[in-house]
Amino acid sequence: MKELLRDPLILLSVVLVGFVFFFLAFQAATKPKIADLLEKIATVSFLFMMTHPTVMPLVLLHPETMTAPEPSAIAYLTRVVPYSGVLLILKYRYSKIVQHTLMFFILDPALALLMILVLISFLWSETPDYSLRGALVLVGVTLFASHIAQRYSWQELCKFMRLSLALLCFISLFYSVAIPSIGAVGKGWKGILGHANPLSSLMGLNAGFWGLEAYINPKSRKLAIGIVLISVLIIQNTNSAGGKVQLVVLTGSLLWLLFLKQLNFKLALTGVIILLVLAISGTIIVVENTETILVDILGKDLTLNGRTPLWTRLMTAIAYRPFLGYGYHGFWHDWRAENNPAAIYATNTFGWVAHHAHNGFIDLALYVGLIGLLLFLISLIKNLVLGVLYLIRNESLESALPLGIMTILIVVNISLSQLMDVQTLWVYYVMISVRLSLDANKS
């Protein structure tokens, strides 16, 4: 791709085609119905891109590449231009982004303050340019997710999430079966993602979403059941336990939450606390008994070994910079060799070298300190309470999904690092936070 773009004729052709496309799309967007459709397509596309596909040309559209230690000019152009073009084409639809950004501070002050802390963390990072680029991308994605949540109802957001995950499901199935040299490399099917594990996890979410849709909407039941079955097929062929665990946790959580829906606030809140305690305890038991569970029961390779000793070491790293941390993306610097702040903690003592904490809450504390972790926990607790209120006040069965997704977020980040990362679960959390606060204010 880089070599092709260096050819002046090809580059000129790409620019001309892009200009024509932009002009036609801009003209079409002046019509309200078309603009509404284009905005929804852009929203689903955004959610789809947050799954982080790694195949060409989709990989060119994910903003995370701009956070690389030394991003190229082409990396900037191929990310900034498409997103800027969408904003210009639908400028009337996105004219309230500034207003919605200000509302974000009102709706979830703790999360907004966390984003400010992330943004200024380059001031104490050992690699300020790298931290600032990463922070700008994360804050930009967060604010856009907040804007989407303020534009649409929870039911509409659920539809967008289902469609984006279904799109990932079908495209990944195609690549895994038809182009195995790309879609079935390594431990199993990985589809259009970089590894089998994230595909398995997202298909667990997909199966849960569409399973609930099959139960709620008889008209789309056949389609929904078909997507659930395809998702389960993909999970099985990824040879990853993550998707199975997430599907079980999400399904169990939704069933339990639908039962709690019939209770009053105090009993429902108690029930949610019990759910979280059981989910967290179960996850810790899995981590502590990895060898028995993975090897003897699930028949998988031993991959979780060493997490607990790693966490113990990382607590020492946090103690060196307890309040503000090492800056956003300021700790795990493999490319810096002996200057890597994580080098003395992430050794191969455990049989493998860690490239992240394998715990989202620990990584958050490493990036922005205990102050940042406290701000996130304040936001999370607030949203759990609002989630319970939303659950018992709304008749729709989809009202159980915010708490279900937050349960998955907590469980996943016990053994993986997916907090404050430009990917699906973080975007879902931001949308849930904003939407719950808006709906609570309307009640």
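Helices here are DSSP runs of H or I, at least four residues, numbered from the N terminus. You're looking at a predicted model, where local features need pLDDT of at least 70, side-chain atom pairs count only at pLDDT 80 or more, and totals for chains, interfaces and linings use all residues. Numbering runs from 1 along each chain as its sequence is written, and side-chain values use heavy atoms, with hydrogens and water left out.

**Stop 1: the cavity.** Select W154, Y390, P402, I432, R435, L436 and D439, which line the second largest cavity. A cavity is a set of points on a 1 Å grid over the protein atoms alone where a 1.4 Å probe fits but cannot get out; lining residues have an atom within 4 Å of a point. This one holds about 30 Å³, counted as the space filled by probe spheres set on the points, with points joined across faces, edges and corners. Its lining splits into five nonpolar residues, no polar ones and two charged ones.

**Stop 2: R435 and D439.** The term means a side-chain nitrogen of Lys or Arg within 4 Å of a carboxyl oxygen of Asp or Glu. Both residues lie in α18, four residues apart, about one turn of the helix. R435 is buried at 5% relative accessible area, and D439 is buried at 16% (buried is under 20%, exposed over 50%, partly exposed in between, with a 1.4 Å probe and protein chains only).

**Stop 3: R162 and E213.** Jump to this salt bridge, 3.5 Å from N to O. R162 sits in α8 (residues 154-178) and E213 in α10 (residues 196-216), so the pair ties together parts 51 residues apart in sequence. R162 is buried at 9%, and E213 is buried at 8%.

**Stop 4: E126 and R321.** Next, pick the salt bridge between E126 and R321, at 3.7 Å between the closest N and O atoms. This pair links distant parts of the chain, 195 residues apart: E126 is in the loop between α6 and α7 (128-151), R321 in the loop between α15 and α16 (360-393). E126 is partly exposed at 40%, and R321 is partly exposed at 27%.

Methods:
1 Å grid on protein atoms, 1.4 Å probe; cavity = no way out; pocket = protein on both sides within 12 Å on 5 of 7 lines; lining within 4 Å. Nonpolar A, V, L, I, M, F, W, Y, C, P; charged D, E, K, R; others polar. Helix = DSSP H or I, 4+ residues; strand = E, 2+ residues; numbered from the N terminus.
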